[in-house]
Amino acid sequence: MHNDFHHALVVDNELCYGCTHCMMACPTAAIRIDNGKAVIIDERCIDCGECMKACPVDAIFVEQDDFKKIFEYEYRIAIVPAVFLGQFSKKISVKEIVDAIKETGFTHVFLAEESAEVINEVMLNEYDSDRERPLISPFCPAVVRLIQVKFPGMVENIIPVKTPVDSTAMYVKKYMQDKGLPEKRTGIFYVTPCAAKIAALKSIPEDEIVINGVINMDMLYNKVYHIFKTRKGGNTIEDGSFTGISPKVLKWSLTGGEADNMKGRCLAIDEVHNVTKFLERVEDGDIINVDFLELRACDHGCAGGVLMTENRFLTVERIRTKADRIKEDLPEQPIEKYHGHLKANAGISEIEPRSMFKLDEDMEEAYRKMQRIRHLMCFLPAIDCGACGAPNCQSLAEDVVKGKAHLSNCIFIQRSMEKNRKLSNEHAIRLIEKVWGKDRLDKNCNKKGAENETD
Ligand code: SF4
Ligand code: SF4
């Protein structure tokens, strides 16, 4: 689990015009420009969605299953994250939102974080293990991938426990079976606020998968929003089954949601660049005596996911308000009967490192390549302009050493080669066209900011 990388983000080549915004925003230098289009390098991408947020023309999108797929099943279950509830005004109750989700076609709705109480217990037990400190939460799949590719020495700090979504899906499956509903006629769909969760779910081997499909949250939001806009009275769809909602569960996916429920010195860090900088300091031994790290790739946790429609600050405020309204003495929830089963099956296999910096399997050869990168950096201008189609000079040097680019992609090197008569003017133009496309040097008054700019 989590060791095979599926990716959920796709570049639409028709829309992409090679502006480099995505390339510059990517925290793992996973994007290059080739022939005027953005190209994502699979082994570097962590599905954080920063590129999608940065694209000015929505040329990067998140793949999803066709919504119609839910109707292949008689019992259609939506597992919805708590942040979905924060997409709507405080005047709309949880019950109304659940009813509207059912009107879109689902027969049952469960909260994704419903099993968070169990997961919390399992994570607290990890304090008795000899696992490296700080313990790191496995909740955010983009962060897990970030650690795998960029901080492989820290994968052992990640607690090998299921995420609440995976555990809740397991509960839902068992709950439905116990109700006598045939497994083949029951479809479980996860409504995701981000690309990383799709990528993580689709990376699970087929024989272990419990979830039958993934629905992007913005799409379900639009359907539910339309229902609220046009509602003319009550609905007749079966009610019930939205259970286990406690303040802890509701706030679990927000920043601090986990850290507030762990022991000792716990820190909650959000936004992928902040997380990267923090992990660099932990790796350098600069930060010590921390027991637990909650790390989230999105700003404000899942409230800042790329598939969220509403403003993340409002989402957080609404969820906190809903959590404050919940009464202390909740009745026993159906999931509680399954706590033993969920706890016994909460573990996952240890997460493997997948260093993107590995230059060669052979240590000596890797060292030689590293020296070569340093040597190439002597010639590159270190201004990280991106004109070579790589996000910075260091990335170009790495690509050259890996045989994936030429040093002459750098426009400064080109000028120098032309000056020393090692490169013809025609060849230099061909190099630019290879990265930026054939028409990039042509006059175009329709482009952004030009005199005839079109929408
Ligand atoms: S999803 Fe994140 S890691 Fe992947 S290409 Fe986009 S910005 Fe880079
Ligand atoms: S940000 Fe620019 S380069 Fe990246 S996908 Fe969008 S249009 Fe293409």
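Predicted model: local features only at pLDDT ≥ 70, side-chain atom pairs only at ≥ 80, totals over all residues.
Author: Domain 2 covers residues 67–344 and domain 3 covers 363–436, while domain 1 spans 9–62.

Reader: Why are α15 and α16 called roughly antiparallel to each other?

Author: The angle at which helix α15 (residues 411–419) and helix α16 (residues 425–436) pack is about 170°, and their axes are 10 Å apart. An angle over 145 degrees counts as roughly antiparallel, and therefore the term applies to α15 and α16. On the α15 side, I411, Q414, R415 and E418 meet N425, A428, L431 and I432 of α16. By class, this contact of α15 with α16 holds four nonpolar, two polar and two charged residues.

Reader: What makes α3 roughly perpendicular to α8?

Author: The axes of helix α3 (residues 94–103) and helix α8 (residues 217–230) cross at roughly 105° and come within 9 Å. The range for roughly perpendicular runs from 65 to 115 degrees, so α3 is placed roughly perpendicular to α8. From α3 the contact involves E96, I97, A100, I101 and E103, and from α8 it involves L220, V224, I227 and F228. Seven nonpolar and two charged residues make up the contact of α3 with α8, with no polar ones.

Reader: How do you know that the peptide bond from R133 to P134 is cis?

Author: The omega of the bond from R133 to P134 is near -5°, and the bond is assigned as cis. Most peptide bonds are trans. P134 sits in the loop between α4 (116–125) and β7 (135–136).

Reader: What is remarked about the phi of D58?

Author: D58 is not a glycine, yet its phi is positive, at about 55°. Most residues other than glycine have a negative phi. D58 belongs to the loop between α2 (50–54) and β4 (60–62).

Reader: Which residues come nearest to ligand 2, and which are the closest to ligand 1?

Author: Ligand 2 has 13 residues around it, of which C16, C19, T20, C22 and C55 come nearest. Ligand 1 is surrounded by 14 residues, and the closest are L9, C26, C45, C48 and C51.

Reader: How do the residues of the two shells divide by class?

Author: The shell around ligand 2 has ten nonpolar residues, three polar and no charged. The shell around ligand 1 has ten nonpolar, two polar and two charged.

Conventions
Residues numbered from 1 in each chain as written. Chains lettered and ligands numbered in written order. Heavy atoms only, no water. Near = heavy atom within 4 Å. Nonpolar A, V, L, I, M, F, W, Y, C, P; charged D, E, K, R; others polar. Domains from an automatic or database assignment. Helix = DSSP H or I, 4+ residues; strand = E, 2+ residues; numbered from the N terminus. Axes fitted to C-alpha atoms, helices over the stretch in contact; angles between N-to-C directions. Parallel < 35°, antiparallel > 145°, perpendicular 65-115°, else oblique. Contact = heavy atoms within 4.5 Å.
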